[in-house]
Amino acid sequence: MAYPDELLVPGEQIVMHKHPHWKMLVLPVLVLLVVVAVAAFLAALIRAQTWASWGWLALAVIAVGVVGRFTVWPVLRWRTTHFVVTTRRVLVRDGVLSRQGIDIPMSRINSVQFRHAIVERMLGCGTLIIESASDEPLEFDDVPGVQRVYALLYQEVADES
């Protein structure tokens, strides 16, 4: 999903647009698989009972609730989180029901750093740290291709100077 061009100022162009790394979706997918397996097993167990239709209904309600909370909601959060680098600023937007965001103008960025542990290196993601004129550096976790993003951001900051 492309970042909406109408949210950009005239002359500003998107250089890079990313969602968080897919590793955020591993646990929700595992929850989905476990819930489906457990629900199917329990449905088979209560099949011969006289109250089976009520049991299946209760089982379905519980399964849908668990899947909604622990699978659908994290996927929606992942999908609605945007990390965007433009020719003028860095934008981060997230939230499903209520949105929040931060914009960092390129001219206010003092330094850019990244870090990633061994597992993050294998997965190709990491934490991007942007130090701007604010008091504390801003850390963005689970940035896919963090080294490429770091190099691109460093280049954009150098071009801005």
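Predicted model: local features only at pLDDT ≥ 70, side-chain atom pairs only at ≥ 80, totals over all residues.

Biologist: How many helices and strands does the secondary structure of the protein come to?

Modeller: Helices (H or I, at least four residues) and strands (E, at least two) are DSSP runs, numbered from the N terminus. Here there are four helices and seven strands. Along the sequence they follow the pattern β-α-α-β-β-β-β-α-β-β-α.

Biologist: Is the protein a compact globule or more spread out?

Modeller: The radius of gyration is taken over C-alpha atoms, and the globule rule is 2.2 Å times the number of residues to the power 0.38. The protein has a radius of gyration of 21 Å, well over the 15 Å that the rule gives for 161 residues, so it is more spread out than a compact globule. Its C-alpha trace spans about 75 × 40 × 25 Å along the principal axes. Buried means under 20% relative accessible area, exposed over 50%, and partly exposed in between (1.4 Å probe, protein chains only). By that criterion, 34% of the 161 residues count as buried.

Biologist: In what order do the four strands of the open sheet lie?

Modeller: Two strands pair if DSSP finds at least two bridges between them. The four-stranded open sheet has the order 1-2-3-4, with antiparallel pairing. Its edge strands, strand 1 (14–18) and strand 4 (100–105), each pair on one side only. Axes are lines fitted to C-alpha atoms, for helices over the stretch in contact, and angles run from 0 to 180 degrees between N-to-C directions. Neighbouring strands of this sheet are turned by 10 degrees against each other on average, direction ignored. Helix 4 (residues 146–160) packs on the sheet and touches strand 1, strand 2 and strand 3, and its direction makes about 150 degrees with that of strand 1.

Biologist: Which residues of strand 2 point one way, and which the other way?

Modeller: His82, Val84 and Thr86 point one way, Phe83 and Val85 the other way, and all are buried. Strand 2 (residues 82–86) pairs with strand 3 in the antiparallel sense over four bridges, and the two form a hairpin with two residues between them. Within strand 3, Val92 is the bridge partner of Phe83. Strand 1 and strand 2 also pair in the antiparallel sense, over four bridges.

Biologist: Which strands stand at the edges of the other sheet?

Modeller: That open sheet has three strands in the order 5-6-7, with antiparallel pairing. Strand 5 (109–115) and strand 7 (138–144) each have a single partner strand, so one side of each is left without a neighbour in the sheet. Here neighbouring strands are turned by 25 degrees against each other on average, direction ignored. Strand 6 (residues 125–132) and strand 7 pair over five bridges, and Glu139 in strand 7 is the bridge partner of Ile129.

Biologist: Which residues in helix 1 are buried?

Modeller: An α-helix has 3.6 residues a turn, so residues three or four places apart point the same way. In helix 1 (residues 26–45), the buried residues are Pro28, Val35 and Ala39. They cover an arc of only 25 degrees around the axis (the arc of the directions from the helix axis to the C-beta atoms), which puts them on the same side of helix 1. These buried residues pack against helix 2 (52–79). The face turned away from the buried side carries the exposed residues Leu33, Val34, Phe41 and Leu45.

Biologist: Finally, is Asp94 buried or exposed?

Modeller: Asp94 lies in strand 3 (residues 89–94) and is buried, with a relative accessible area of 16%. Contact means heavy atoms within 4.5 Å. Leaving aside neighbours within four places in sequence, Asp94 is in contact with Arg77, Thr80, Thr81, Arg99 and Gln100.

Notes: Residues numbered from 1 in each chain as written. Heavy atoms only, no water. Expected span 1.5 Å × (residues − 1).
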